[in-house]
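Have the structure open, try each task, then read through the solution.

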Amino acid sequence: MLDLLVTNANLTDGKAVDIAVADGRISEVAPGIKGPAHEVIDAAGQLVTAPFVDSHFHMDSTLTCGLPRHNESGTLLEGIMLWDELKPSLTAEAVKERALELCRWSIARGTLAIRSHVDVSDPSLLAVEVLLEVREELRPWLDLQLVAFPQNGYLRQPGAVHNLARALDLGVEVVGGIPHFERSEAQGRESVRLLCELAAARDLPVDMHCDESDDPWSRQVEELAAQTQRLGLHGRVSGSHLTSMHSMDNYYVSKLMALMQEAQLHVIANPLINITLQGRHDTYPKRRGMTRVKELMAAGINVAMGHDCVMDPWYRLGSHDMLDVAHMGLHVGHLTGRGEMLAAFDAVTKNGAAILQLGDYGIEKGNSADFVILQCTDPVEALRLRPVRLYVVRRGKVVAETAPVFSRVAMGETRYDVSFKMP
Ligand code: FE2
């Protein structure tokens, strides 16, 4: 007896299959699977995908926008100032309540794995302790991975070196950094070296906020690639944001991308946030605030896209929908070819899963029975419509449902059902 049978599923590669689930795992993926099963869902030709993955988020600051006031300049630096104003008044209860609410939004949207940076600047490590609790409580529903993030600088802020090590001792599993925020370019490089050595010594992955700037001379990613190469951390290091690459000289970028590829760096672009934060010092033309996603992908580098923020000091919009992220990313990055759109879909699914090293991810026999059924037929339609997530399944159980949406237009006596598809 199967626990769950999903019939008439349309996978992201266009294959029409049934999906059988037993003991929380996918037991078979093939056309024409017969039951019996405790529960049968007829997907009716709709898209069934592995869950969305948010590879870059900030769970400690989420849902705080307006506290104590809004970011009126729209800049990264005012966001950091606002967060510094808010931090002393944070309580464990409020941080936890907001994190749990955000995670419920994520689950409803079909996002079942999140890598969240957590600020370790506050010596109390209040947010670290809260998010470690949230990580354990939510394990049946969602994989939460935490990055020790020295928001105010690893070398710039007194005590940050000690606080970051304490966060890792408590169980935070990724080493973060923010080299472009250190006091000098040299100290930024020094922070990259020290943090990569720390990660190597503790056998942990690295994920740094890196070159989140419009300054073409912000080149800390070069050091990140060099240290990754020197310490043999290939495939375990991610550069988040890398927005300065947008403004760099093309000749230098051609050298840089080869070094990144050699070090097997992962790249995480955050299009929703960086299209609004970057370019704020420009008149016209205003630069786009996203790294060179298309070229990095073409160079064979694994590129994912993250949501980064939802309703916090840096970004007051969003409902934690990874299809919003991919939709913005493909517009900003000119990813409009069919293959490029599929790559944008991968950037919020399997590319992120590779960064989080989710071992049993994907709709294949033997993997965890985690998937999402959408009200559309293929990934390009998912990007165009950002449709309802009809069912979200985790370990073989339905953990979220949303009713399908239909529209009816009245024109005189006639009623038209509108499905937003070509006639
Ligand atoms: Fe970030």
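**Exercise 1.** How much area is buried between domain 1 and domain 2, and what percentage of this area do carbon and sulfur atoms give?

*Solution.* Keep in mind that this is a predicted model. Start with the bounds: the assignment puts 2-50 + 362-420 in domain 1, and 52-355 in domain 2. Next, look at the boundary between them: about 1,700 Å² is buried there, and carbon and sulfur atoms give 66% of that area. Finally, ask who contributes on the domain 1 side: Leu-383, Arg-389 and Arg-394 lose the most area to domain 2, together 40% of what that side buries.

**Exercise 2.** Find how many residues of each domain are in contact with the other, and how far apart the domain centres are.

*Solution.* Contact here is counted with heavy atoms within 4.5 Å. On that count, 21 residues of domain 1 touch 22 residues of domain 2. Taken over C-alpha atoms, the two centres are separated by 31 Å.

**Exercise 3.** Describe the polar links between the domains, then the make-up of the domain 1 side.

*Solution.* Begin with charges: three salt bridges are counted between domain 1 and domain 2. The side chains of Asp-321 and Arg-389 form a salt bridge, with 2.8 Å from N to O. Then widen the search: eight residue pairs are in polar contact between the domains. Now turn to the elements: β14 (371-374), α13 (379-385), β15 (389-394) and β16 (397-401) each give two or more residues to the domain 1 side. By class, that side has 13 nonpolar, three polar and five charged residues.

Key
Residues are numbered from 1 along each chain as its sequence is written. This is a predicted model: local features need pLDDT of at least 70, side-chain atom pairs count only at pLDDT 80 or more; totals for chains, interfaces and linings use all residues. Side-chain values use heavy atoms; hydrogens and water are left out. Domain bounds come from an automatic or database domain assignment. Buried area is the accessible area (1.4 Å probe) that two parts lose on being put together, summed over both. A salt bridge is a side-chain nitrogen of Lys or Arg within 4 Å of a carboxyl oxygen of Asp or Glu. A polar contact is a pair of N or O atoms within 3.5 Å; within protein, one must be able to donate a hydrogen and the other to accept it, and residues adjacent in sequence count only if both atoms are side-chain atoms. Helices (H or I, at least four residues) and strands (E, at least two) are DSSP runs, numbered from the N terminus. Ala, Val, Leu, Ile, Met, Phe, Trp, Tyr, Cys and Pro count as nonpolar, Asp, Glu, Lys and Arg as charged, and the others, Gly among them, as polar.
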